[in-house]
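Hi,

Here is the structure I said I would pass on.

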There are 2 protein chains.
Amino acid sequence: MTGTTLDDYTDRYARRVRGMTASEIRALFAVASRPEVVSLAGGAPYIAALPLDAVGEMLAKLGAEQGTTTLQYGIGQGTLDLRERICEVMALSGIDAGCGASPEDVVVTVGGQQALDLVARLFLDPGDVVLAEGPTYVGALGVFQAAQAQVVHVPMDDDGLVPEALEATIAAVARSGRRAKFLYTIPTYQNPAGVTLTDERRERVLDICERAGLLVVEDDPYGQLGFDGDAPAPLRARRRHGVFYLSTFSKTFAPGLRVGWILAPHAVRDKLVIANEAQVLCPSTFAQAAVSTYLATMPWREQLKIYREVYRERRDALLDALADLMPEGTTWTEPQGGLFVWATLPDGLDAKAMMPRAIAARVAYVPGTGFYADGSGRASMRLNYSFPAPDRIREGVRRLATVLEQEMAMRRVFGAVGGTGAGRRGRPGADAPGPDLA
Amino acid sequence: MTGTTLDDYTDRYARRVRGMTASEIRALFAVASRPEVVSLAGGAPYIAALPLDAVGEMLAKLGAEQGTTTLQYGIGQGTLDLRERICEVMALSGIDAGCGASPEDVVVTVGGQQALDLVARLFLDPGDVVLAEGPTYVGALGVFQAAQAQVVHVPMDDDGLVPEALEATIAAVARSGRRAKFLYTIPTYQNPAGVTLTDERRERVLDICERAGLLVVEDDPYGQLGFDGDAPAPLRARRRHGVFYLSTFSKTFAPGLRVGWILAPHAVRDKLVIANEAQVLCPSTFAQAAVSTYLATMPWREQLKIYREVYRERRDALLDALADLMPEGTTWTEPQGGLFVWATLPDGLDAKAMMPRAIAARVAYVPGTGFYADGSGRASMRLNYSFPAPDRIREGVRRLATVLEQEMAMRRVFGAVGGTGAGRRGRPGADAPGPDLA
């Protein structure tokens, strides 16, 4: 085998991964993890809030006393024990036996990411269309791009996905002679936008999808992390058919275990298990035992409250700092749960072009472009508040505000053709169909 | 969304998973796991041979003292710490810095299964041809079928893959106007055949692939589990270019953690990381820490010796029992390492058709058909000796021999048209191109 032939292969494959933004964000995280940088770029839970000594004791027993089971192979669907516990967790959000949720139709996955990848593997062929909120989860874009599918974004506002825009988008896709395979949506405490689909809109979105024969893939990693009362019931709690429900223990327990799940329509459950077996044989037996034992023996509902308290305080710190420090013309969402705020910069500023200056000023964020498949989002950024402490959050916003003031001063001196990337922003439609999230 | 539409989707996908044997084997394992059944059907390591108390202590510390790292997100390539340890493990097999192995080119995966799935995702398009030993690993068939690729088997004999047959197969594929994407091979202590590619043939196989411009995907889960001296050096130790090396800690430490790896040609390393991120975001940080701490602080080389001793004793028990008890005309391989013996039944018997009678006699195996993409293998079965104790192995073979004697008696009474499935065996080519593994 010559290097050339291998490179030929690589080039062939390169088509499949073109535009994948995962690596770009990986590079960003590497820089953002330097200790002198205040990183508002991450999406990590605050693991230090867990009772780590007790978790350690639990893990010791799983190895020493149950090792011949927990360190052994398991089955592709996941252990029945964990699937039963997952049903208890879902019941807390209103997805219970009454709406057809059953351990039989749960498939355990390697985090929420693999849950989505398995659904994509089932349904997507190259060239297929997927509808998704704009902006949407960067890891979902990675899945859809790997599947060579085309993402068409549907705008949001402060009340989440706009039903009229969804209808219009479905119609536009149909006019182009195609049909979307499914709607991918994070209705609650959306990543990255931090908005929540209202109760009334949930029903309308479901009706629209039902009329259009469009499957719904509901991703709900944050639904149990609400600060201001409970979130509206998940889409899956409202409809038995046509909704895949995806979630994970990454935000409510620990992401390092990589345990997520799919509650699948019964008709496709077996196909998902076979796809799971082909992909990873079985999810980690040890990680599953860790999660199910955590849910069985430790006060996980209390831990949810602790996470909520920590994140509420940090969200408040971020919102207060933004209100106090950001220059006029900056707007942002006000999340009622989850981990993220979506900020939009004063007219003419470019969050992606500004990144190097922000890093030099020792603050990091994720530019909005990472959350769109179509190059939109240059005027926006995602800010995370779950990981940094409140005083660090304020310091980060202070640094960010300074960078923004400098960018705006530059713009006043050099005009729209300056080095701020504002020229791109000036092009009509460059940021369309950007959501009205102010 | 109506149930019908969802079923339409399911039917569409059903094309992709047709013929997948994973579920069939899953059903078999469910039956085989009943305590009264002696299961020679599995492939599980003997986890009870691990120092579970010490492993438990290690896991406790990873949670209690390092939880803020080990329970947190990691990076898609896997931790540098583990990748360095993996290079130490590979060096034991002769894959060292001298042949270009480096932590930079290692990608950590969710077991060896995901390693193979990632390679398939990089290279395979629907309709592509993959060459693989006949018989081959059932999980590899699952990956290739999910990728909608066509597997063309290359026969083996007691010395492993037959080089002349490989050349002939490459030529036959070329004559059909296609080109194989890669050769998937398990050269050492092959699953399921239990044979090992000789030193001299390794060079010939590599030369043939190099001349044909054919990538080699070398799967080596068992290479360090040799009983009678060391195995010949892996293919990757002999060639820097054109060989993907895949392995796992599932057989040398514990499968329940799901930690495997790929040593990738440098040119595609980044693509694999991006594909890994799209699929699972990152491998479990906790599982990686468990493996790297195990390798750093526990006597893993001694543990390898313990596994080897246990399996050597069990292999001997199986081979002795087969020699003592099996009816004339039965043949089997004599593995020098690994977990499996491949047995071929007296002329006219059908291992798949016989399964229900074997289960009724409280013994289980995997029929040979599970290891072929083309329906071959009816006359053969895979027997596992790593998990059952020696006396259970002997008892299992005794039961199996009784079933065989009954089948043969039935055949003598009713002839080839009897209910033993022998009629199928009688069709010309029904078992071709079955390997000569006697």
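To start you off: how many bridges join β10(B) to strand β11 of chain B, and do they run parallel or antiparallel? There are 2 bridges, and the two strands, β11 being residues 340-344, run antiparallel. B:T331 stands opposite B:T344 in β11(B).

Before the rest, some housekeeping. This is a predicted model, where local features need pLDDT of at least 70 and side-chain atom pairs count only at pLDDT 80 or more, while totals for chains, interfaces and linings use all residues. Residues are numbered from 1 along each chain as its sequence is written, chains are lettered from A and ligands numbered from 1 in the order in which they are written, and side-chain values use heavy atoms, with hydrogens and water left out.

Back to the sheets. Strands (E, at least two residues) and helices (H or I, at least four) are DSSP runs, numbered from the N terminus, and two strands pair if DSSP finds at least two bridges between them. The β10-β11 pair belongs to an open, antiparallel sheet of 4 strands in chain B, ordered β10-β11-β14-β13. Its edges are β10 (331-332) and β13 (366-367), each pairing on one side only.

Chain B also has an open sheet of 8 strands with mixed pairing, in the order β2-β9-β8-β7-β6-β3-β4-β5. Here the edge strands are β2 (106-109) and β5 (160-161). Within this sheet, β8 (243-248) and β9 (260-263) pair in the antiparallel sense over 4 bridges, and B:T248 faces B:G260.

Now for where the chains meet. In all, 82 residues of chain A are in contact (heavy atoms within 4.5 Å) with 82 residues of chain B. Together they bury about 7,100 Å², which is accessible area (1.4 Å probe) lost on being put together, summed over both. Carbon and sulfur atoms hold 62% of that.

The interface has 2 salt bridges, meaning a side-chain nitrogen of Lys or Arg within 4 Å of a carboxyl oxygen of Asp or Glu. One salt bridge joins A:D117 to B:R121, with the closest N and O atoms 2.9 Å apart.

Lastly, UniProt lists residues 37-381 of chain A as "domain: Aminotransferase class I/classII large", in an unreviewed entry; such annotations may be inferred rather than shown by experiment. That span is 42% helix and 16% strand, and its end C-alpha atoms lie 17 Å apart.

Cheers

Methods: Buried area is the accessible area (1.4 Å probe) that two parts lose on being put together, summed over both.
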